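Please walk through the following model strand by strand and then along its helix. Terms are given with their cut-offs where they come up.

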Amino acid sequence: MWSFGLPFDEDVWSATEYIETDYRDPEGFLIIDARGQNVNGECWHVLGHFGETASYRKVSQDQAGLLDKVLDSACVLSR
């Protein structure tokens with residue numbers, strides 16, 4: 001679903017709300033947790049690093065609430 005760039009440029013530039021947090025896993029890999037919402041109210045969220053991600057795209061706020069619980073439950077340490 002996601003390309004090599006995390007997240008899609010089009011999602012970032014069209015976002016009316018955008019949050020990004022960076023983490024490092026125990027091996028030192030940078031993990032990006034980025035989420036946003038566009039003017040139509042559609043939400044997206046991507047959690048991962050190059051080659052490994054979990055994400056959703058173009059969902060309602062209600063659907064995003066449930067999906068965020070799953071992605072937010074990932075165990076990573078803040079840098």
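Strands β2 and β3 run antiparallel and are joined by six bridges; strands count as paired if DSSP finds at least two bridges between them. Within this pairing, Ala34 has Val46 of β3 as its bridge partner. The two strands form a hairpin with four residues between them, and Gly41 in the turn has a positive phi of about 85°. Helices (H or I, at least four residues) and strands (E, at least two) are DSSP runs, numbered from the N terminus.

The model is predicted: local features need pLDDT of at least 70, side-chain atom pairs count only at pLDDT 80 or more, and totals for chains, interfaces and linings use all residues. Residues are numbered from 1 along each chain as its sequence is written, and side-chain values use heavy atoms, with hydrogens and water left out.

The protein has two helices and four strands, which run α-β-β-β-β-α from the N terminus on. Of its 79 residues, 34% are buried, where buried means under 20% relative accessible area, exposed over 50%, and partly exposed in between (1.4 Å probe, protein chains only). The accessible surface comes to about 5,400 Å², and carbon and sulfur atoms account for 54% of that. Such areas come from the Shrake-Rupley method with a 1.4 Å probe; for residues, only the protein chains shown count as cover. Among contacts with a separation of 6 or more, 34% are between residues 24 or more positions apart; a contact means heavy atoms within 4.5 Å.

Strand β3 also pairs with β4, in the antiparallel sense and over six bridges. His45 has Tyr56 in β4 as its bridge partner, and His49 stands opposite Glu52 in β4. The hairpin of β3 and β4 has two residues between the strands, and Gly51 in the turn has a positive phi of about 90°.

How many residues of β3 are buried? Seven of its seven are. In a regular strand the side chains alternate between the two faces of the sheet. In β3 both faces are covered: Cys43, His45, Leu47 and His49 are buried on one side, and Trp44, Val46 and Gly48 on the other.

His49 is a case to look at in detail. His49 has a relative accessible area of 17% and therefore counts as buried. Not counting residues up to four places away in sequence, His49 touches Leu6, Leu30 and Ile31.

Gln37 lies in strand β2 and is buried, at 12% relative accessibility. Beyond the residues up to four places away in sequence, Gln37 touches Ser14, Ala15, Thr16, Glu17, Glu42, Cys43, Trp44 and Gln61. Lys58, in strand β4, is exposed, with a relative accessible area of 53%. Phi of Lys58 is near 55°, a positive value in a residue other than glycine.

A pair of aromatic rings is described by the distance of the centres and the angle of the planes. The structure holds one aromatic pair. Tyr18 and Trp44 form this pair, which is tilted, with 5.9 Å centre to centre and 35° between the planes. Rings of Phe, Tyr and Trp (its six-membered ring) pair if their centres lie within 6.5 Å; planes under 30 degrees apart count as stacked, over 60 as edge-to-face and the rest as tilted. The pair links distant parts of the chain, since Tyr18 is in strand β1 (residues 15–24) and Trp44 in strand β3 (residues 43–49), 26 residues apart. Tyr18 is partly exposed at 34% relative accessibility, whereas Trp44 is buried at a relative accessible area of 4%.

Helix α2 (residues 61–72) has twelve residues, which at 1.5 Å a residue should span 16 Å; its end C-alpha atoms are 15 Å apart, in agreement. The expected span is 1.5 Å times one less than the number of residues. Ala64, Asp68 and Leu71 are buried in α2. Seen down the axis, the buried residues fall within an arc of 65°, so they line one face of the helix; the arc is that of the directions from the helix axis to the C-beta atoms. An α-helix has 3.6 residues a turn, so residues three or four places apart point the same way. The cover over the buried residues of α2 includes β2 (30–38), β3 and β4 (52–59). On the other side of α2, Asp62, Leu66, Lys69 and Val70 are exposed.
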